[in-house]
Amino acid sequence: MTSKHAPDANPRHIAIVMDGNGRWAKRRFLPRLAGHKQGVESLRRCAEACAERGVAVLTVFAFSSENWNRPADEVSGLMELLAGALAKEVPKLARDGIRLYFVGNRGSLSAKVQKGLAEAEAATAQNQRMVLNVCFNYGGRWDIAQAAARLAASGTPITEASLNDAMALAHVPDPDLLIRTGGEMRISNFLLWQAAYSELYFSDKWWPDFDAAALDEALQVYRGRERRFGKTSEQVQQS
């Protein structure tokens, strides 16, 4: 099959469901939170690798709206981990030219966490090398519902275009490639609207083991795909 991509064409926007932290920890007889801590390290590596490869946007699923159903000690540990990661990582992100956005429903987060998210975004607001969207307390259905509610409240007609502009990720193009680690083959309420035409790639690696080599494997597969957007192969090849 002839690919639409040039041999060196990487996606502009990569989205990742970072799955497998808990299983990684369990295999090593460690608490689940240890897996999440290692997952932060993996995110750092992946963000650096994406920036080096010229990816413009990286969007990661860090905490879903369904994750509140996990054990209370794990949820509180994740909140503490987020606070620590912000303090440690934001200065480096700022130096590396990466702009940080937190995407999701902040209303149910503590005032302390909300303040930390806002300060992290402000500290990187001038950066232009790459956008890093961290979806935290996010769900695809929530995103569509909040967009529709905003339009209804303002009296704006609900169309595909207006709904798209009201989505939580309206500041970036839709993802070209959606990766899920951990061996599961579903998107789990992630970017339901934005991933309509994303190429899907599923990795058996648990997220803490997902490194630059694993990313390059996904990119190689992506470059071999033909993205038709409803057209025929012949139309794509002629464009």
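A residue is called buried under 20% relative accessible area, exposed over 50%, and partly exposed in between, with a 1.4 Å probe and protein chains only. This is a predicted model, in which local features need pLDDT of at least 70 and side-chain atom pairs count only at pLDDT 80 or more, while totals for chains, interfaces and linings use all residues. Residues are numbered from 1 along each chain as its sequence is written, and side-chain values use heavy atoms, with hydrogens and water left out.

With 239 residues, a compact globule would have a radius of gyration near 18 Å, and the protein agrees with this at 18 Å (taken over C-alpha atoms, the rule being 2.2 Å times the number of residues to the power 0.38). Buried residues make up 46% of the 239 residues.

Turning to charges, the structure holds 14 salt bridges, each being a side-chain nitrogen of Lys or Arg within 4 Å of a carboxyl oxygen of Asp or Glu. One of them joins Asp 96 to Lys 92, at 2.7 Å from N to O; Asp 96 is partly exposed at 25% relative accessibility, and Lys 92 is partly exposed at 27%.

Which residues are linked in a network of salt bridges? Asp 19, Arg 23, Arg 180, Glu 184 and Arg 186 are linked in this way.
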